[in-house]
Amino acid sequence: MPIEFNDTLVIAISSTALFDLAESHRIYMESGVNSYAQYQIEHEDELLKPGAAFGLVKKLLSLNETKKDTPKVEVILLSRNSADTGLRVFNSIENHQLKITRAAFTSGNSPYLYAEAFGAHLFLSTNPKDVLQAINAGIAAATIVSPTQSNNESDIIKFAFDGDAVLFSDEAEQIFQQDGLEEFTRSEKQSAQKPLEGGPFKNFLSALHKLQKEYTQDNCPIRTALVTARSAPAHERVIRTLRYWDIRIDEALFLGGMDKTKFLKAFGADVFFDDQEGHIDRAKGHVPSGHVPNGVINS
């Protein structure tokens, strides 16, 4: 019988997002693929240090400890390594006691197609080209960067999302970029009753919400936040859109253009997704952050 993940939350992750492979990458860039392969094989029993998404993955996999027969989360490794050079990655997965058993090694090719084949709700990588290809294929994806300070140690898994071009389409952002704040505000007020189209992370948020509903609201180990530059009256359309989608968001921050960084730190996000690289550059000082290459800002 074929294995289907059904209601399981599926996360696809690159080896460079899961582990710190900076030294290996340096050797690859300076000396080429043969030297890289030799280095990986010579060091395959040497434990790799955690990468940008390691903490998030470890927290997500911990959700399976209460119900091992039907896992709530499946993490898939997608790697540009060959199977031979990827042995070091799997050795480190075992040593870190991460329950990751499925992988695709593509020997230099982009692995994004396998994210779709595995039915991944989210693809995290440090390779912007792979992420862009995944976004264009309709998969929620982000280029993740490590924080310069330590991660949140809470047991709660906290996801923070920008709104326009991430959870929602960039239809409103296009008006803002072309015609300015006044026209954006007028248009959003006029369209308050019309739900926004979904952005690349809508399905991922929906999958998270479905997983959250398996718990009581008081004991849910997952918490979500919308962190947007919008303010009143442009807030109404966002609220009505989430209501129309029948998706719960735990916290909504309408910041009216204020810097998001201190609010993300206060929320204690395990990861923050935004389409603007400037927001990511500021946020990564405190939380793991993922750039979503979508919308007019990235065109």
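The model is predicted, so local features need pLDDT of at least 70 and side-chain atom pairs count only at pLDDT 80 or more, while totals for chains, interfaces and linings use all residues. Residues are numbered from 1 along each chain as its sequence is written, and side-chain values use heavy atoms, leaving out hydrogens and water.

Begin with the whole protein chain. Its C-alpha atoms fill a box of roughly 60 × 45 × 40 Å along the principal axes.

Then select the buried residues (under 20% relative accessible area, 1.4 Å probe, protein chains only); they make up 49% of the 299 residues.

Within that selection, display Leu18, Phe159, Phe201, Phe204 and Phe273, which have the most contacts inside the largest nonpolar core, a set of 67 residues. Such a core joins buried Ala, Val, Leu, Ile, Met, Phe, Trp, Tyr and Cys residues through side-chain atoms within 4.5 Å.

Centre on Phe159. Beyond its neighbours within four places in sequence, its contacts (heavy atoms within 4.5 Å) include Leu56, Leu60, Phe204, Ile222, Arg223, Phe267 and Phe273. Ala225 is also in contact with Phe159. Select Ala225 next: a second, separate core of 11 residues includes Ala225, Val227, Ala269 and Ala283.

Notes:
Buried < 20%, exposed > 50% of the residue type's maximum accessible area, 1.4 Å probe, protein only.
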